[in-house]
Structures are given as structure tokens and as C-alpha cells.
Amino acid sequence: MNLKSLSKILLIVSIPVILLLMLSSYAASADDTTDYPVPPPPFSEGIFPCSGCHAGMEANTNRRELSFHEDIKLKHFDGWCFNCHNPGDRDTLRLASGKIISFKESEYLCGQCHGTMFRDWKVGVHGKRTGFWNGKKEYRLCVHCHSPHQPGFKPLKPLPPPIRPEDSKYKTSETIPLNPLDSIKE
Amino acid sequence: MSKKNCNNPSSKSVDRRSFLKGTAFGLASLAIPFGTSDASVWEAFFQKHFREMNDDEIKSVIKRMEKEYADEYKTGFKIKTTGPLPGVKFGYGLDLSRCIGCRRCVYACVKENNQSREPQIHWITVLQFEKGEKWVNVFEEADRYYNPQEVPEEGHFYMPVQCQQCENPPCVKVCPTQATWKERDGIVVVDYNWCIGCRYCMAACPYGARHFNWGKPQIDKKELNPDVHYLGNRPRYKGVVEKCTFCIQRTRENPGRYPACVEICPVGARKFGNLLDPESEIRYCIENKRVFRLKEDLNTSPKFYYFFAI
Amino acid sequence: MSDLLQPVKNLFTTMKFMAKGGKWYYGWLAFLSLFILIGVVSYIKQLDQGMILTAMRDQVSWGFYISNFTFLVGVAAAAVLLVVPAYLYNFKPIKEIVLLGEILAITAIIMCLMFVISDLGRPERGWHILPIIGAMNFPSSLLAWDVLVLNGYLAINCTAVFYVLYRLSLGKEYKMSVLWPIIILSIPWAISIHTVTAFLYNGLSSRPFWNASILAPRFIASALCSGPALMLLIFQIVRRVSKMEISDVAIFKIAELIAYTMGLNLFLFAAEFFKEFYSGSVHLAPMQYPYFGLHGHSKLVIWMWLAFIFNLTAFFIFLRPKTRENFFSLNLACILIITGVYIEKGMGLIIPGFIPDVLGEIYEYGPSAIEKGVSLGIWAFGALFFTLFLKFALPVYTGDLRFKSSGSEKTE
């Protein structure tokens, strides 16, 4: 076998491999392996998949007082469920463009209106990002901090203030105060 | 008296040491325990400045210290001496438009960095300001003892202050013994075994970032963080100054975790990264946000940037 | 052999002289010893349990110890006021008593060092500040400078005093050719100890109260009031209890000098007061605190105005020849000045540097029992040291105590 035929074979073999790779990477971006590493979306206990209930129901596009999701009070823009939820498949979300996305990449949905926040979020400046400053980072979805239905950040109870210098005295007691952080369940 | 204590392994060694110190005729020069069989006390006394020790000397010091800590805290400590990463200068960003003053960072820092619980030491001070015409340079308007049911309080904003890791640190300039210095990655550190406790650095620091161990630092054994750095969060001694080191024990690793305060912040107001890396989030903040540094007029050139993301 | 034993014999002679005294003398020594004991006990407690026993905290990280230190540096520096006219202008009546001033300077410096050591969190590591064996941060740290100049000043004064006493104790006149260079050196050095101490605070841009260029001149001016005032009182005691003659002329001359320096001190104070209050910048707060109180906190206000009234009253007393040459009003004015400057250059200088603190908190500091105990002990030690030193130096000076270079001592 000469060199030419070897390269020809290599080329023929490599084309489908490359194609496959491209396809898989496209799939990764479009599918639920998201662009940004995030923990699973914060669903209420037992609520997902929505199709569990909604599979047989017909989508009612009328605005009305909900009889089941009564805990949801929409205090977001002047919108309605199907501005975001996909009436065709409740297990997904739908962008204004009609593009269907998974709950795991809901940031694209929020980003439709909150463009500057989305821009900052992508570089890790809006919102919380953990992990390694010079390595792998973990993002949070918008909905991890902002309820999509009432996006205002919930107030928190502050941890105790420092001890005033006047009250800081020599103590022989063996009971050392524990860290108040331990009492919080995040 | 001292003999009796020596033979009693259950008594805390540092207690004994300080007791002996106290009884040593009250003279400073004689404040070292005589007649004790514990040679490590003398080794500690004659220990050299951290930067003047060679690798072997550092190794033996670390070994001695790990034993001392183990004896005192009944916990195995791993004392690192990781040096600065090349091409790194740390910078910190804090989003004033996001901070809600919940003080999670204060206590995460306390836990990560083994600050004394009693007497209490906090490296982070969160200031509450009233929104209005007064700006953050009128500090008398600030309140650090706010304690409502819920934060943020209407009409207020919050500004956490910690060591600003100045490029031009006044604390380093004034230290009479060179016990504090700025590392190559920009972190200002203290050698707790070299500091004489004169507190000149505390007078010089414009940010109240330095804290003194007024009493013997006490931490519950269960709460100790055994992953420590010589220049960072190893347990401190009575009578020395300590400060924030951008969690040197975390951030100097490769890959290095974010500082504890960044990791805990529930609103993601805290940003951290390499100032020399144009892709880092801190660079993005500086280049794209309205940024200011505290007490800029003092020319300390902090590497701690307050910004408004909105 | 007797030559070798001579210094020991001389020491015994000296001690014999120190031990001799009347009822009042022993009472005084016992009184001081009691306070020294209180000081030692307090300091041992502080060493054992830590500085938490003081009232200092992160907000106010220097307090009573450093206040006393600052005041005493001024006292030590003031020896120069006596040296300058005595030697440069050969003003005889003062020249006689320069020795006392220098002994006072030695005492004050020793007390300064004791106050600084009391303030250290880790006194056993004090050697870290020394050059060569430690890691002295020279020339960057003003505290390193202060260690150098204070110890240098101590050495200079010790040399001068010991040289003079040594010569006199052997019955010889001291040589001006030896003393002269020491004195020439000590004059700028005295100014420098107080300037460096002022710069110690002055250089901190974080503390607007100290970060005023007028600080060093104010230090010098106030030191040149309080030091000599203290000496005037000591002179009067000395000439009553010993044979040493101190002329009224010398005392009145010093009183006159005090009037000028106090005038300058008041002027510099007025200049600073005007600048701060008229411009009313954000740096006004630490000036407002000691004089008018801040946000309802006014622990220092009464003291500061008291100090001002004391200084002003003393100024007028010293200014009028009639009142400064009357021993009742003269002594009253001396006490007023010492108290006034002690407040102004002690707590009045240190505490407002920390109130409000750099993040605006107001923690009203007042010394704790331990701090008072230690300070009292140091003051008592200083008084004891000075008393014993004079007990030896005065007889040498007046010729009552003479050593022989060999053989037995001769006492009259």
C-alpha cells in the first residue's frame, strides 16, 4: 500500500467520524446537557414531570383563576402560563421564537427579556457561581434564586451581629459559642 | 507546679505555657517558661522569620507545629505552605446592588479560617447604610450591629468590608518587624509566629481589616477546619494580629476553590478571580461595571472592587 | 587586688547612700513599692490572660499605655530646653541643674520603654524588632525609627550623666571637651525623639486626626511646656531635701521659657482647631469627638476642655512676671500644665485617633483596672528610679560623696 491510498482511506473513515462528532456536539447544545453546568432545576417535591398530570389534559389558553396550582401567584410581568410553558409538552419550556427548551436551560427563557442580566450571568457576574476560580465552575439557574412566578429575591433572616467591644470580656467558660451558620438549612 | 502540669497530658499545653509565662517574674524577657521539659517551646521562641527559613527549616517548623496543634486541639492538622501561582494576582469584586446584608459570609469565613469564637473575631464587617444623600465615605452613618427580623431592610444598602489586599498596603509599611508582607499574588499575609502584637498595623489600616487576639483564641473542636495554610487559617495565638487572606488555603491550589465568602453568598454578590486573566469575572466587572474602591484618596490601591451590576 | 575590688566597694558606698534617709524618705519608698507591686501583679495577670483584660479592642487598639508613652517621650525630650541655654549661652544658673534634667530624661525613656512593652501582645518576641538578630523594618516603619532614637537618646544621656558623675565622684572637674560633643549630639536628638514619635502617628493616612502636618510641631511645643514644668517642681523638692543649690533665677528663667512654649502650643492648637472646624470636611468627626462629643458620645469632652483651661490659665500665670515669680502661683501653674499636657498629649491625642474608628464605629474607651494598675506601677517605678538615682547623684554633685580611685572612700 502506498502513502496515497492510506491517506485516502483515512479521509473516508474520518468524514463520518467528524460528522458524528459535530452532530453530537450540536445535540449537546440543543438537548438537556446544557451550555452551562447547573444543578437540577428547583422543582417542588413530586411536581415533575408535568406530563404526569398534564399528558391527558387539553391546554386551556384562557386566563383564569387556577384550580390546582393555587399556590402560584404570578407576580412577574403581565403574562400568563404559556408565555413560558410549552402548551404542547408541559415537560418543556417555549421561547417567544417558538423554540422548545428544557427546564435545565431556562436561562434562555429569562434572557429573552433580561438581556443584560443574562449577559452578566454568562460570564459569572450576575448570580452565584461556585467551584474553582481557575477551573470547573458550577452555575445556578435564574430560578434557583428567583421564583419564576415571583422573581423578587426572598428576604432572609440575618445571622447575629458581632459582639460589641463593650461586651467582649475575659471569659473562663468552657462553652464556646457554635457557628450560627450551622443552624441554617440552605 | 509546672512539673505537675507537665506530667498531666490532659491539661492544655498552651494553657500551661501561658500560665508559666505569667508567673515568670512578670518580666518580658523572662516570660519564657524555664524548667520545662518541653523543648518545642524554645524552638518556637527561636523560630526564624518565615521568609528567612530554608525548606528544611520550614519542614521542621511545620512538623513541630502540627504536633503542637494536635496536642492542643486533638485534631490532625495539615499545614500547607503553598506558594503563589505564577501569573496570578488576585482580585475581588463585591456587588453593592445585590448584597442584602445577611452576614452568611461573616460566619462562613469564621468557620473556614478558624477564627476565635471566644473572644469573637470576624474578618468581615457588614455595614448597613441608609440610602440617601450620604455616600459610603461618611462611615459614622453606618451601622454594623443591625439585627432586624429580615434583611434587606427598606431604604438601606449594605457594604461588607474585609481586607482589601492593597497593592500599596499601609499595614506592611508600618510593621516594625516585617511580620506582615504582600505575596506575589497580591495577598497580604502575617507570620503569626513573628508578630509581636504591637498593633501598629491596626492603627495604619484604613479598612479595619486587621484583628487582634485580645485573649486566647477558643474554637470548638468540632468546628475546626484542619485544612490550613501557614500564612492563612492555621489556629492563631493569643496576642497576635490576623486578617483575611482571600482564603489562601483554598485559592492557591490548582484548581483553586473560590474563597468561602464567595461560595456562601446567597445572592452571588461576591466575585473573585485573577486580575491578570482577561477572561476572569473580576476583569469583566472592572471593565464593564461601575466600579469604585474604598477610600481611593488614600492611594492604598485596593484589589477589592465594589461595583454596581445593575 | 584592691583595685579590682574598688568598683564593688564603690557600689556598696552608693547603696549605703541610697539606703540612708529619714522617716519621710522611707515612707516614700514604701509608698512607691506598694504601687510597683500592684503594677507587677497587674502585668502578670495581663500576660496570663491576655490583653482582653485591658479596655482596648479592635476599634480602639491603642489606649492608656501608648498615651502615657507619648506624654513621657515629651518629658524626656524636654531636657533639651535646659541643655540649650545652659551650654550654648553659658547661662550659669541653669547649667548647674542640667544634670537633673538629664537624669529625668533617662527615667522618662526607661518608663517609655516599659509602657511600650506593656502594650505588646507578645513581649517575649520583642527581640524581633532589633536589627540583625531580629527583622527590623528600617527605614520603612516609624516604630523601628522610634526604637532606634529612643535607645540612642537613652545611651546619650546615660553617657553624659555617667561621665559627669564619674569625674565628680573622683573629685575631678569634668572636661567640657568630652561633654561638648555629647551635648551637641543630644540637642537635635531630643528634638528627633519627639518628632519621630509624632511621625509615628502623623504618617497614618487612615487616621485623619493624626494625619495633620502640625502634629510634630505641636508635640514639641507641648513637650517643652510639660517637661520643664515637671522639672520646676522637682527642683524645688531637691533644693529642700538636699544641699544642692538651685537659684530662683534659674527657676524663673525656666518659667519664662515655659510661657513662650505654651504660647506657641496654644497658637498651634488654635490653628488646627480653626482649620478643622472652618473647613468642616468629613475628617472633622475625630476632632468633634474630643471637644464636643459625637452622636451623644462625650466621655472625653470634659477632660479636653479642662486641659485647655488649665493650659490657658498656666500660660497667663507664666506670662506675668509677678505671678511666675510667686512660688504659690508658679507651682499651681506647673501642676496645671503637667495635668493639661498629660490629658492633651496622652489620652487626648491617642483616643480620638480611633474614635470614630476607620469604619465609623464609636467605642468609648476608658482604661481598665489592669491598665491603670500597670501604668501606676510604671509611674511608681519611674519615681523610685529617679529618687534613688538622685540619692546617689546629688551627694556626688554637692561633693558629699567621693570615691577614691584606690583605697577607701572618703565621705564627709
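At what angle do the axes of helix α6 (residues 98-119) of chain C and helix α7 (residues 142-169) of chain C cross? In this predicted model, the two axes cross at roughly 145° and come within 9 Å of each other. The crossing of α6(C) and α7(C) is left-handed. On the α6(C) side, the residues that meet α7(C) are C:Leu99, C:Glu102, C:Ile103, C:Ala105, C:Ile106, C:Ile109, C:Cys112 and C:Leu113. Their partners in α7(C) are C:Leu150, C:Tyr153, C:Leu154, C:Asn157, C:Cys158, C:Ala160, C:Val161 and C:Val164. Sorted by class, the residues of this contact comprise 14 nonpolar, one polar and one charged.

C:Leu390 sits in helix α15 (residues 369-398) of chain C. Is C:Leu390 buried or exposed? C:Leu390 counts as buried because it has 23 C-beta neighbours inside 10 Å, and the cut-off for a buried residue is 20 or more. Leaving aside residues up to four places away in sequence, C:Leu390 touches C:Ile103 and C:Val238. C:Ile103 is also one of the α6(C) residues that meet α7(C).

Several residues of α2(C) are buried, namely C:Leu32, C:Gly39, C:Ser42, C:Tyr43, C:Gln46 and C:Leu47. Just after the helix comes C:Gly50, which takes a positive phi of about 100°.

The chains also touch one another. Between chains A and B, 34 residues of chain A are in contact with 47 residues of chain B. The chain A side of this contact has 19 nonpolar, eight polar and seven charged residues. Between chains B and C, 52 residues of chain B are in contact with 46 residues of chain C. On the chain B side, two or more residues come from each of α2 (13-23), β3 (125-130), α6 (170-174), α7 (200-204) and β7 (211-212) of chain B. Which of these elements gives the largest share? That element is α2(B), with five residues. By class, the chain B side that touches chain C divides into 30 nonpolar, 14 polar and eight charged residues.

Definitions and conventions:
Residues numbered from 1 in each chain as written. Chains lettered and ligands numbered in written order. Predicted model: local features only at pLDDT ≥ 70, side-chain atom pairs only at ≥ 80, totals over all residues. Axes fitted to C-alpha atoms, helices over the stretch in contact; angles between N-to-C directions. Helix = DSSP H or I, 4+ residues; strand = E, 2+ residues; numbered from the N terminus. Left-handed = near helix turned anticlockwise from the far one by under 90°. Contact = placed C-beta atoms within 7 Å. Nonpolar A, V, L, I, M, F, W, Y, C, P; charged D, E, K, R; others polar. Buried ≥ 20, exposed ≤ 12 C-beta atoms within 10 Å, placed from the backbone.
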